[in-house]
Amino acid sequence: MEKKDIDWSNLGFGYVKTDMRYVSNFKDGAWDEGTLTEDANIVLNECAGVLQYAQTIFEGLKAYTTEDGHIVAFRPDLNAERMEDSARRLEMPAFPKDRFVDAITRVVKANEAYVPPYGSGATLYLRPYMFGFNSVIGVKPATEYQFRVFATPVGPYFKGGAKPLTIRVSDFDRAAPHGTGHIKAGLNYAMSLHAIVSAHEEGFDENMYLDPGTRTKVEETGGANFLFVTKDGGVVTPKSDSILPSITRRSLMYVAKEYLGLKVEEREVLLSEVKDFAECGLCGTAAVISPVGKIVDHGTEICLPSGMEEMGPVTRKLYETLTGIQMGRVEAPEGWIHVIK
Ligand code: PLP
Ligand code: COI
């Protein structure tokens, strides 16, 4: 298979149109058989549920070329399950898990020429999504839906790759208590756009959102969960009902405990204790694990002892072990790697 002529090592996190995508339609209470298509465009009625009431959910996962030349996806079953949770919360029909994994597999195979080579630093990002298709004018769920998966080769989410980030404590909230913060709904990201644009304008890489109820506890950023490393080398991650249950974070917590023998804790994390941590990282499919060097809380700087030059030692070990598992250099726990080719 001849690869596309792409400068893999200099890819950013952007959209590159690939050859094939998957589409399946839900109508009269059932999903059709689904197909691959070359057509990247969607024609919608002006009154489609997604356009009027933002009835849309999505997922994000990656396919990797392993050291020995296979193409694999990382834990797609967990993305399928999370998408079912998202669908239930927005009154959408679930797309069956086995069909989700099959759709991923077919899209990767059909776009093999776009799967970045091993060692290039790039990966193939997969974006499954589903939206209300038919017209709705009263506030109610659509009755017809479209499920799609497209693929795009990507590089690091944050410019500068592994260079520590500077983030700010946001005055905006991302999710309401008992709202939709725990699912992957497009509306959560629309909510965050003003906050991210103004953070960038002020020179910050991302926002740290606090719990909207008390504004004292750390939640997450616009696109990743937090991991903190304590001064005695334990790993702590915030527990909250209004953050997205990151698959990367769950995997890293397992890696920290079972592979690295570290103490791990999922618990409420107060903003006031962040100054006492040794390292901080943002974890997610796109972010992988991106180190944070500085957190600015309304003019007060919290400088992590790991500094602004490189990842802290525990963050690095976590990064190396996780990416090692994903690229076949480190033996994976049972069921984590879905072999596509
Ligand atoms: N939190 C938010 C808000 C996200 O958008 C993402 C990305 O998917 C994550 C966390 C990380 O989740 P995962 O590791 O499953 O990609
Ligand atoms: C992902 O990591 O897959 C996400 O969806 C996060 C988004 C900010 C790109």
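This is a predicted model: local features need pLDDT of at least 70, side-chain atom pairs count only at pLDDT 80 or more; totals for chains, interfaces and linings use all residues.
**The site of ligand 1**

Ligand 1 has 17 residues around it, and those that come nearest are Tyr189, Glu220, Ser246, Thr248 and Thr285. By class, this shell consists of five nonpolar, eight polar and four charged residues. Two elements of secondary structure, helix 5 (247-259) and strand 14 (279-284), each contribute at least two residues to the shell around ligand 1.

Polar contacts between side chains and ligand 1 can also be described. The side chain of Arg82 places an N or O atom 2.7 Å from an oxygen atom of ligand 1. For Lys184, a polar side-chain atom lies 2.8 Å from an oxygen atom of this ligand. In the case of Ser246, an N or O atom of the side chain is 2.6 Å from an oxygen atom of ligand 1. Taken on its own, ligand 1 has 380 Å² of accessible area, of which the protein covers 96%.

**Helix 2**

Arg82, which contacts ligand 1 through its side chain, is one of the buried residues of helix 2. The other buried residues of this helix include Pro76, Leu78, Asn79, Ala80 and Met83. Glu84, Ser86 and Ala87 are buried in helix 2 as well.

Helix 2 spans residues 76-89 and has 14 residues. From its first C-alpha to its last, helix 2 reaches 20 Å, close to the 20 Å expected at 1.5 Å a residue. Just after helix 2, Glu91 adopts a positive phi of about 55 degrees.

**The site of ligand 2**

The residues that surround ligand 2 are Phe13, Phe58, Gly60, Tyr125, Arg127, Tyr157, Lys184, Gly223, Thr285 and Ala286. This shell divides into five nonpolar, three polar and two charged residues. The following table gives polar contacts of ligand 2.

| Residue | Part of the residue | Distance to an oxygen atom of ligand 2 |
|---|---|---|
| Tyr125 | N or O atom in the side chain | 2.6 Å |
| Lys184 | N or O atom in the side chain | 2.7 Å |
| Ala286 | backbone N or O atom | 2.8 Å |

The protein covers 90% of the 280 Å² of accessible area that ligand 2 has on its own. Lys184 has a polar side-chain atom 2.8 Å from an oxygen atom of ligand 1, and an N or O atom of its side chain is 2.7 Å from an oxygen atom of ligand 2.

**Aromatic pairs**

A pair of aromatic rings is described by the distance between the centres and the angle between the planes. The structure holds 21 aromatic pairs. One of them joins Phe58 and Tyr189 in an edge-to-face arrangement, with 4.9 Å centre to centre and 65 degrees between the planes. Because Phe58 lies in strand 4 (residues 56-58) and Tyr189 in helix 4 (residues 186-201), the pair ties together parts that are 131 residues apart in sequence. Both Phe58 and Tyr189 are buried.

Tyr157 and Phe158 form another edge-to-face pair, 5.0 Å centre to centre and with 85 degrees between the planes. Are these two residues buried or partly exposed? Tyr157 has a relative accessible area of 38% and is therefore partly exposed, whereas Phe158, at 9% relative accessibility, counts as buried. The cut-off for a buried residue is under 20% relative accessible area.

Elsewhere, ring pairs link Tyr22, Phe26, Trp31, Phe95, Phe100, Tyr145 and Phe147 into a cluster.

Key: Residues are numbered from 1 along each chain as its sequence is written. Chains are lettered from A and ligands numbered from 1 in the order in which they are written. Side-chain values use heavy atoms; hydrogens and water are left out. A residue is near a molecule or strand if one of its heavy atoms lies within 4 Å of it. A polar contact is a pair of N or O atoms within 3.5 Å; within protein, one must be able to donate a hydrogen and the other to accept it, and residues adjacent in sequence count only if both atoms are side-chain atoms. Accessible areas come from the Shrake-Rupley method with a 1.4 Å probe; for residues, only the protein chains shown count as cover. Helices (H or I, at least four residues) and strands (E, at least two) are DSSP runs, numbered from the N terminus. Ala, Val, Leu, Ile, Met, Phe, Trp, Tyr, Cys and Pro count as nonpolar, Asp, Glu, Lys and Arg as charged, and the others, Gly among them, as polar. The expected span of a helix is 1.5 Å times one less than its number of residues. Buried means under 20% relative accessible area, exposed over 50%, partly exposed in between (1.4 Å probe, protein chains only). Rings of Phe, Tyr and Trp (its six-membered ring) pair if their centres lie within 6.5 Å; planes under 30 degrees apart count as stacked, over 60 as edge-to-face and the rest as tilted.
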